[in-house]
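Have the viewer open and follow along.

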Amino acid sequence: MSDSVENVQKKLTQLIIGSTSPREVLRSSDLKKLYGQLPKLPAGERSAYGQKINALKKNLEEAVAEREEALAQANLEPIDVTAPFDVNSPLPDLLHTQQGTIHPLNTEIARIVDIFTRMGFNAVQSRQLDDDYHMFTSLNFPENHPARDGYDTFRTSEGLVPPAHTSTMQNRILKAGKNELENGGQIAAISYGRVFRNEDVDATHEHTFHQVEGVFVSSDANMSQMLGTLRSFFETYYGQKLKTKTQPAYFPFVEPGLEFAIEKPAALGGKPGEWLEMLGCGMIHPNVLKEAGIDPAKYRGFAWGGGVERLVMLKYNIEDLRHFESGKLAFLRKFA
Amino acid sequence: MIVSVNWLKQYTKINLPVDELATLVGARLVEIEGVIDLGKKYQGIIVAKVVSVENHPNADKLHVCKVDDGGKAKGVKRDSDGLVQVVCGAPNVRKGLLVAWLPPKSTVPTSFDDDEPFVLGARELRGVISNGMLASAKELAIGDSHEGILEIDVNAKPGDDFAEAYKLNDYLLDIENKSLTHRPDCFGIIGLAREIAAITNQQFKTPDWLLDTKTNIKRTPSSASPLKVSIKAPDLSSRYQAVVLSTDRAIAETPIQIQSWLARVGIKPISPIVDVTNYLMALTGQPLHAFDYDKFTKLNGGKAEVIVRAAKKGEKLKLLDGRDVILAEEDIIIANGATPVALAGAMGGSSTAIDDNTKNILLESASFNLYNLRGTQMRHGIFTDAITRFTKGQSPEQTAPVLSQAVAMLADLTDAEVASAVVEEYPGKQKSSKIKVKAEKINQILGTNLTIEDMYETLKNAEFIVEMFCGKGKTKTDDGELDIVAPYWRADIKIPEDISEEIGRINGYDEISPSLPSRSFVATGPSDLESLQQNIRSILARAGANDILSYSFVHGNLLEAVGQKTTNSFAITNAISPKLQYYRQTLTPSLLELVHPNIKAGYGEFSLFEINKTHNKVHGKDDEGLPGELEMTALVYANKKSSKSSAFYNVRSQLDFLAKCLGLLFEYTAIDKKPDYPVTAPFDYQRSAYITEKNSGVFIGIVGEYRQQVIKNLKLPNTVAGCELGTEDILKAVNLTKGTSYRPLSKYPGTTQDITVQVKQQASFAQVWNAMYDEVLKGVELEWGLEPIGVYHPHDSRVKNMTFRIYLTDHEKTITRDAASKIVDKIGQALKKKLSAKIV
C-alpha cells in the first residue's frame with residue numbers, strides 16, 4: 001500500500017514537472033484511486049494511510065505551485081505568427097454562429113440612433129472623460145450650485161470629470177451648429193453613450209449606465225414642438241400611438257424644465273393609466289445658448305435626456321440592472 | 001417632505017378629491033410620491049366628558065371613571081345614566097375633563113401601522129371592567145407626552161368625532177422635494193397653498209403678517225437686556241435679526257392643534273418656545289432659533305454679543321444632539337464674543353439649549369449663505385428641517401415678518417415680553433426682481449395661444465405684481481407687454497423664460513398641444529465610426545463571438561496583473577470601491593477578468609469582445625486640450641481544454657474573417673523587441689503579431705497570446721489569446737481601400753494543383769508565401785488563388801513541410817494541365833532559389 005503512495009507521488013511529480021498545465025495533474029485518476037482505497041482498509045490503518053495521502057496531496061500542490069511559478073517566468077518558444085495555423089494543425093474553425101451575440105444595450109442604442117437620424121438629427125457619441133466646464137459650467141450650473149449635488153459626480157485626481165450626463169456634449173453641439181443656424185438652418189443632434197454616477201450598485205442602481213441626449217435649436221423652437229418631437233420618437237420606437245404627460249422639474253440648463261412620461265405601451269403589457277417616466281426635458285436656458293455664442297434673443301431651443309437601460313429592461317423584462325455590465329455569457333447569450 | 005392637506009386648507013380652498021389634487025399638483029408643481037389617509041387612524045375615537053372619578057378598589061394608581069360619550073358608542077355596557085365605565089391610570093384625570101375616549105373595537109393610533117395593531121376591548125383591570133381607554137397625546141400620535149391623558153382644549157362636546165376636533169380627518173401628501181430645490185417658498189405650507197390656489201385658478205391671499213416685511217415688535221419700556229449683533233463677513237449671512245424675550249411660563253402647554261399640525265408632518269412637539277419656531281418654519285420655510293439668553297450671556301461675562309463668522313479650522317462645538325463636531329473654515333458659526341455657541345443654520349449648541357428653567361430667550365431670525373450650509377450639511381451629516389430649508393436659499397426679507405409673528409405667538413402662549421430692542425444687520429439687502437416681457441414671447445416659447453389676460457390672471461393668482469400695457473392703436477393681445485415684479489419669496493424669478501415657466505406650468509404643460517418643428521426634412525445617418533462599430537459587432541457575432549460591455553473603471557490590481565502601470569491611468573478620487581479606482585487604459589484587462597468566471601459558469605470555449613473608449617496618460621491630448629479618447633476594439637478567445645495548436649491562430653482566423661467582411665486584408669508581422677505600451681503590456685510579444693492592413697498600409701493593432709504571468713494572475717486557461725485594435729484605424733483602412741473586389745466568374749472551369757515544399761525549420765510562412773507571390777503569382781495573368789493547406793513539422797526535425805493548393809482559371813479558355821503545371825513548376829524553382837527549399 002505505502003509503496004503505491006510513493007510510486008504515485010513519483011509518477012505525478014514527474015508529470016507536473018513536465019506539464020504546461022500542471023494543475024490538471026491533480027485531477028489524475030491515480031490520486032482518486034488512492035482515496036478510493038481508504039474505506040476498504042481495516043479501521044486501524046485508515047488514519048495513518050489518510051495522513052499519508054494528505055501529505056502526498058500537499059506535496060503535489062506545492063510542486064504544482066512551483067511549476068506554475070516557473071511557467072509564469074518562463075518564455076515559451078516563439079511561434080510563426082505569419083502563418084494562418086500552427087504546425088501540424090489544421091486551420092482553426094470559427095466559433096459557431098449560433099453562439100454569437102450582440103449586447104442588448106448596443107442593439108437598442110443602434111435602434112435609437114437609427115430613429116433619430118431618420119428624423120434628421122445628427123448623432124454624436126458622448127465623451128467618457130471630460131472637464132467640469134462641459135459637465136456643469138457651460139450648462140448654467142454655477143460653481144457650488146446645489147443642483148450639482150443631484151448628479152453624484154465622480155472626479156479624477158487630474159481634475160477631470162467622468163461625465164454624469166450626456167449633456168456634457170451640449171455646448172459642443174451648439175458651437176458646432178452655430179454657423180448653420182445663423183445661415184438659416186437649425187441645430188438638430190443627439191449625443192449618446194456611457195455616463196457615470198457615484199451611486200451604490202443594486203438591482204435598480206448602477207454607477208455606469210447609458211443616456212441619449214437631444215438638442216434642437218431654431219428661430220422658432222417652442223415647447224409644443226418639443227412635446228411633439230418626443231412623442232413622435234416614442235411612437236416610432238414602440239410602433240403605436242401613445243399618450244404622454246409631463247411634470248414640472250428643475251434642471252439649471254433648461255427653463256422651463258419638465259419630466260416627460262408616456263402611457264405604458266400595450267406591447268409592454270401596459271394598461272391605461274400606467275405611466276412610465278422617460279426623460280427630463282425643457283427649453284434650453286438662455287445662458288446655455290449664450291455660453292455657446294448663440295444669441296438667445298434670436299434663437300430658441302429645446303433639449304432632453306434619458307436613460308437607455310430602462311428601455312431595454314422594460315422591453316425584455318430584465319430584472320437586474322447589474323446584468324448589463326456583468327459580462328456573463330449566461331445573460332448575453334439570451335440575446336442572439 | 002410630508003404636507004397636510006387640512007393645513008393647506010387653512011390658507012386656500014381645496015375642493016378636489018385628494019387623488020385629483022395629487023395628480024394636478026404632480027402635473028403642475030411637483031411629484032407626489034404618496035398619499036396617506038390620516039383619518040383612518042382616528043376612526044371611532046370619541047370626545048367624552050369625565051363625569052365621575054373614583055379610586056380603584058384594588059390598585060392605588062388607578063381610577064374608575066364614568067364618562068359621557070353622548071350615547072355615541074354602540075354595543076358598550078352603560079349604567080342607568082347612560083354613562084360608560086373606563087379605568088384610567090393618568091394622574092390628571094378629573095371630573096369635568098373633556099377627553100379622547102377609545103371605545104372597544106377602536107385602535108390605538110400609534111399602533112395603527114404596526115404588524116399587530118392594538119385593538120381595544122372591554123377588559124378587566126384588577127377586577128374592574130374598563131370599556132376601552134382614555135388616551136394620552138402619545139397614544140394619539142399627537143405629542144410625546146404620555147404622563148397624562150390628553151385634555152381637549154378646543155370647543156367640543158361629548159359624542160363628537162375626536163378627529164374632527166383637531167382636523168385629523170386629513171390626508172398627508174408625500175412630496176418629492178428634490179425637484180423643488182429652486183423653490184424655497186414651497187418648503188412652507190403657505191407657499192404650497194399659494195401654488196395650489198394658482199393651479200386651481202384661485203386668487204391667493206398671503207396672510208397680512210407675512211406680507212408686511214417690516215419688523216413689528218413693540219419693546220416693553222422697562223426692558224433693557226443688552227444685545228449686539230455683528231456679521232463678520234456679509235457673504236456668510238445676508239441678514240441677522242435677534243431679540244430677547246422673557247417669560248415665566250416657558251413650560252406652558254402648546255395648543256394641541258399646533259402640536260397636532262407639527263406631529264402629522266413629522267416634527268416632534270417639545271415646548272411652546274420650540275414649537276412656535278417649528279410651526280412658523282413649517283408655515284413659511286423660515287427657520288428660527290431660540291437660545292437660552294441667560295446661558296448665552298454667561299459664556300461671555302454677562303454680555304450678549306452675537307457674532308456671525310466663519311469657523312476657525314479645528315474649532316470645536318458641542319451640538320444640541322450631544323455630538324462634538326470639529327469645524328471647518330467653510331462652516332458658519334454663531335458666537336457670543338469669542339465663544340462659539342451654534343452651528344449657524346444647522347443646529348444649536350448644547351451650552352445654550354432651551355430647557356424647563358428657561359426664563360429669557362434670545363430669538364434668532366436670519367438667513368445664511370446656502371453654499372456654505374450645503375458644505376456643513378455634508379461635512380457633519382446634519383439633515384435637520386432647518387438646514388434643509390436654508391439650503392434652498394430663503395429670502396432675507398421674510399426674517400422680519402416671521403420674527404414678528406413668533407414674538408406675537410410667544411406673547412400669546414407664554415406671556416413672553418419683549419426684553420430688548422430688535423437688533424439686526426442686513427448687509428445683503430434683497431433687490432426686487434422686475435421683468436418686462438411681451439405676451440407674444442411667452443406664446444412663442446411655449447407654442448401656445450394664450451391671451452395676455454390669461455397670463456395676467458395666472459400671475460396675479462400667484463401674487464405676482466403685474467401690469468398690462470400695449471402699444472398705441474394695438475390691442476393687448478397682439479402687442480401687449482407684462483410688467484412684472486416678483487414677490488420677495490420668488491427670488492428664483494429673474495428672466496422672461498422664468499415667467500414663461502410660471503405661465504406654462506400653472507396652466508398645465510399637458511394643455512399644450514404637441515406639434516413638430518417646421519423644417520426642411522433631411523435624414524442623416526449614424527457617423528462613420530458608429531456604422532463601423534455596429535458592423536464589427538455583427539461580423540464578430542457571426543463569427544460566434546459575444547459582444548460585452550464592462551466598466552470603464554478598474555481595480556489597480558487588475559492593471560498590475562496585466563503589467564500596466566497605475567500611474568498611467570486617470571484615477572478616481574471619490575471611487576465607490578477600490579475595484580473602480582482607475583480608468584482602464586485598454587479593454588483587454590476587462591475582458592481577461594471575465595474569462596475565469598465564465599469558464600467556472602460552465603462555458604468551455606468562447607470569444608468575448610468589447611468596442612468602447614479607453615483613456616490613458618501615455619496617449620496625448622486632443623484639440624480641445626482634453627485627454628484623447630481612444631476608440632478600441634478588443635477580443636479574447638479562451639478554451640477550457642488545452643490544445644496543441646496555439647490559440648493565437650483561433651483569434652487570427654476570427655480577425656481574417658473580420659477583415660474579409662470589411663473588404664480588408666490583414667497582414668501579421670512578428671514583433672522583434674519587447675514593446676512598452678499599455679496596449680502591448682498583457683501580450684507575450686514572441687507569440688504575438690502586429691497587424692497592418694495590407695492594401696492601405698494602416699497599422700491596426702496587436703494580436704497574440706498573453707504572458708504566462710498574466711495567465712497565472714488571472715487564472716486563465718492555457719488556450720487563450722486575443723487582440724486589441726484601434727477602431728479609428730480600421731475606419732481609416734476601410735476609407736482608404738475600395739472594399740471587396742469582384743471579378744466576373746469565368747465561363748471555363750479552373751484547375752487546382754497542390755505543392756509541398758520542405759524548408760528550414762526557422763523559415764517563416766510569410767517568407768514562403770511572399771516568395772511564391774513576388775516571384776511568380778504577382779505576374780500571372782490568369783485568375784489565381786493560393787490556399788495554405790498545412791505545415792508539417794516532425795518533432796526534433798530541422799526542416800518542415802508546407803503544403804499549398806493553387807487554383808488557376810483562364811477566362812479565355814479551359815486551362816490545360818500543362819499550363820497549370822508550368823506555373824507550379826515556376827513556383828517550385830523560385831522557392832528553391834530564394835529559400836533553398838525542396839519540392840516534395
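This is a predicted model: local features need pLDDT of at least 70, side-chain atom pairs count only at pLDDT 80 or more; totals for chains, interfaces and linings use all residues.

Residues are numbered from 1 along each chain as its sequence is written, while chains are lettered from A and ligands numbered from 1 in the order in which they are written.

**Domains**

The bounds here come from an automatic or database domain assignment. Chain A splits into domain 1 (2–73) and domain 2 (104–332), and their centres, taken over C-alpha atoms, are 61 Å apart. Chain B gets domains 1 to 6, and its domain 1 is written in two pieces, 2–38 + 171–206. Two of the others, domain 5 (528–736) and domain 6 (751–839), have C-alpha centres separated by 34 Å.

| Domain pair | Distance between C-alpha centres |
|---|---|
| Domain 1 and domain 2 of chain A | 61 Å |
| Domain 5 and domain 6 of chain B | 34 Å |

**Where the chains touch**

On the chain A side, 99 residues are in contact with 110 residues of chain B; contact means C-beta atoms, placed from the backbone, within 7 Å. Which element of chain A gives the most to that side? That would be H7(A), with 8 residues. Other elements supplying at least two residues each include helix H3 (43–73) and strand E3 (208–218) of chain A. Helices (H or I, at least four residues) and strands (E, at least two) are DSSP runs, numbered from the N terminus.

**A helix pair in chain B**

Helix H7 (residues 272–284) and helix H11 (residues 399–414) of chain B pack at about 140 degrees, their axes 10 Å apart. Those axes are lines fitted to C-alpha atoms over the stretch in contact, with angles from 0 to 180 degrees between N-to-C directions. Among the residues that meet are Val276(B) and Leu280(B) from H7(B), and Val402(B) and Met409(B) from H11(B).

**A sheet in chain B**

Here 5 strands make an open, mixed sheet in the order E11-E14-E17-E18-E19, where pairing takes at least two DSSP bridges. E11 (228–231) and E19 (347–348) of chain B sit at the edges with a single partner strand each, so one side of each has no neighbour in the sheet. E19(B) pairs with E18 (residues 339–343) of chain B in the antiparallel sense over 2 bridges, and Met347(B) in E19(B) is the bridge partner of Leu343(B).

Technical notes:
Two residues are in contact if their C-beta atoms, placed from the backbone, lie within 7 Å.
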